[in-house]
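Colleague: I should like to learn how to read a protein model feature by feature. Could you guide me through this one?

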Amino acid sequence: MAECSYIITLKDDATDADLQAVKDQVVASGGKIVHEYDLIKGFRRQNARGTRREFRQPPEGAGR
């Protein structure tokens with residue numbers, strides 16, 4: 001199965017704990033973190049195509 005990736009970004013005022021909570025959700029849903037960004041609060045996630053999980057209610061501080 002092919003893999004696909006998505007860039008996840010959080011609001012500027014998100015805390016490190018908010019960022020970690022989102023990354024934990026990605027890993028718990030079967031995704032993996034393949035790159036973390038320094039200039040923005042965000043990361044690139046990768047997972048098998050067809051297994052993308054939507055964040056219906058992102059943690060406080062998370063962007064869309």
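**The nonpolar core and its surroundings**

Modeller: The largest nonpolar core consists of 7 residues: I8, L10, A14, L19, V22, V26 and F43. Helix α1 makes the biggest contribution to this core, with 3 residues. Please keep in mind that the model is predicted.

Colleague: What is the general idea behind such a core?

Modeller: In soluble globular proteins, nonpolar side chains tend to be buried together. V22 belongs to helix α1, which covers residues 16–28. The C-alpha atoms of V22 and L10 lie 9.0 Å apart, and the two residues are separated by 12 places in sequence.

Colleague: Which residues does L19 touch, if those up to four places away in sequence are not counted?

Modeller: L19 touches L10, G42 and F43.

Colleague: How should I place these residues within the chain as a whole? What pattern does the chain follow along the sequence?

Modeller: The pattern, read along the sequence, is β-α-β-β. The chain holds 1 helix and 3 strands. Of its 64 residues, 30% count as buried. The chain exposes about 4600 Å², and carbon and sulfur atoms supply 47% of that area.

Colleague: How do I read a helix such as α1?

Modeller: One may begin with its length. The 13 residues of α1 should span 18 Å at 1.5 Å a residue, and the end C-alpha atoms are 18 Å apart, so the two values agree. The next step is to ask which way the residues point.

Colleague: What is the rule for that direction?

Modeller: An α-helix has 3.6 residues a turn, so residues three or four places apart point the same way. For the case at hand, the buried residues of α1 are D18, L19, V22, K23 and V26. Because these residues cover an arc of only 135° around the axis, they lie on the same side of α1.

Colleague: Which exposed residues does the face of α1 turned away from its buried side carry?

Modeller: That face carries D16, A17 and A28, which are exposed. Following α1 comes G30, which has a positive phi, near 100°.

Colleague: K23 is listed among the buried residues of α1. How should I read a charged side chain in a model?

Modeller: Side chains of opposite charge can pair when their charged atoms come close. Here the count comes to 1 salt bridge. E36 forms a salt bridge with K23, and the closest N and O atoms are 3.0 Å apart. E36 lies in strand β2 (residues 32–36) and K23 in helix α1, so the pair ties together parts that are 13 residues apart in sequence.

Colleague: Are the two partners buried or partly exposed?

Modeller: K23 is buried, with a relative accessible area of 12%, whereas E36 is partly exposed at 43%.

Colleague: What else does K41 touch beyond residues up to four places away in sequence?

Modeller: K41 touches I8, T9, L10, K11, D12, D13, A14 and T15. K41 is partly exposed, with a relative accessible area of 26%.

Colleague: Where is R44 found, and how many residues separate R44 from I7 in sequence?

Modeller: R44 is found in strand β3. R44 and I7 are 37 residues apart in sequence, with their C-alpha atoms 4.3 Å apart in space. Leaving aside neighbours within four places in sequence, the contacts of R44 include S5, Y6, I7, K32, I33 and V34. R44 counts as partly exposed, at 28% relative accessibility.

Colleague: Is Q46 buried or exposed?

Modeller: Q46 is buried, because its relative accessible area is 19% and the cut-off for buried is under 20%. Q46 lies in strand β3, residues 42–48. Apart from neighbours within four places in sequence, Q46 is in contact with E3, C4, S5, G31, K32 and V34.

Key
Residues are numbered from 1 along each chain as its sequence is written. This is a predicted model: local features need pLDDT of at least 70, side-chain atom pairs count only at pLDDT 80 or more; totals for chains, interfaces and linings use all residues. Side-chain values use heavy atoms; hydrogens and water are left out. Helices (H or I, at least four residues) and strands (E, at least two) are DSSP runs, numbered from the N terminus. Buried means under 20% relative accessible area, exposed over 50%, partly exposed in between (1.4 Å probe, protein chains only). Contact means heavy atoms within 4.5 Å. The expected span of a helix is 1.5 Å times one less than its number of residues. The arc is that of the directions from the helix axis to the C-beta atoms. A nonpolar core is a set of buried Ala, Val, Leu, Ile, Met, Phe, Trp, Tyr and Cys residues joined through side-chain atoms within 4.5 Å. Accessible areas come from the Shrake-Rupley method with a 1.4 Å probe; for residues, only the protein chains shown count as cover. A salt bridge is a side-chain nitrogen of Lys or Arg within 4 Å of a carboxyl oxygen of Asp or Glu.
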